Amino acid sequence: MSEIIRKDVNEQWCHSGIIKAGDYCFINYCAGNVGGTVEEQINGAFDEMEKRLALFDLTLENVVQMDCLFRDVWNIPIMEKVIKERFNGRYPVRKSIQTEFAHIGGENGLQFQADAIAYCGKPEDANA
């Protein structure tokens, strides 16, 4: 197996933001624009995901799987709208889960976060 590379390490919270292991990158929970609308938070989470993916020269199009956590799972259509705008038709498999976030701000705080797995190996020839 190739080397495991950890980036965006947070010593205080004891986690890595992204880890490359073999042909895959594992992306820790992404959140952003906390306190904003659900759509702003979803875009903020994907902004954070893009930032971490860029550490390995990847984009959202490399994402093959996502776990999406919502305070209110009925906001899935908002996420789907944002995915259509940002993933250029390269949609990952995903699941959506409703949870009560342990985060400062209560119902006015965190509304969405996402974890992901991205493929970072060499793409196969489409004509093969």
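Predicted model: local features only at pLDDT ≥ 70, side-chain atom pairs only at ≥ 80, totals over all residues.
View 1. In helix α2, which runs over residues 76-86, the buried residues are M79, V82, I83 and R86. These four residues lie on the same side of α2, because they cover an arc of only 105° around the axis. An α-helix has 3.6 residues a turn, so residues three or four places apart point the same way. P77 and K84, by contrast, are exposed on the other side of α2. The cover over the buried residues of α2 includes helix α1 (38-54) together with the strands β4 (63-70), β5 (93-98) and β6 (112-119). Just after α2 comes N88, whose phi is positive, at about 50°.

**View 2. Helix α1 and the elements it packs against.** Helix α1 is built from 17 residues, and the distance from its first C-alpha to its last is 24 Å, close to the 24 Å expected at 1.5 Å a residue. Its buried residues are V38, Q41, I42, N43, G44, A45, F46, E48, M49, R52 and L53. Packed against these buried residues of α1 are the strands β1 (4-10), β2 (15-21), β3 (24-30), β4 and β6, as well as helix α2.

**View 3. The largest pocket and its lining.** The volume of the largest pocket is about 170 Å³, and its lining is formed by D8, V9, N10, W13, H15, Y29, C30, A31, E48 and R52. Strands β1 and β3 and helix α1 each contribute at least two residues to this lining, with β1 giving the most, namely three residues. By residue type, the lining of the largest pocket comprises five nonpolar, two polar and three charged residues. Two of the lining residues, E48 and R52, are also among the buried residues of α1.

View 4. E40 belongs to helix α1 and is partly exposed, its relative accessible area being 40%. When residues up to four places away in sequence are not counted, E40 touches G32 and N33. N10, which is part of the lining of the largest pocket, lies 30 residues from E40 along the chain, and the C-alpha atoms of E40 and N10 are separated by 24 Å.

Technical notes:
Residues numbered from 1 in each chain as written. Heavy atoms only, no water. Buried < 20%, exposed > 50% of the residue type's maximum accessible area, 1.4 Å probe, protein only. Arc of directions from axis to C-beta. Contact = heavy atoms within 4.5 Å. Expected span 1.5 Å × (residues − 1). 1 Å grid on protein atoms, 1.4 Å probe; cavity = no way out; pocket = protein on both sides within 12 Å on 5 of 7 lines; lining within 4 Å. Points joined across faces, edges and corners; volume = space filled by probe spheres on them. Nonpolar A, V, L, I, M, F, W, Y, C, P; charged D, E, K, R; others polar.
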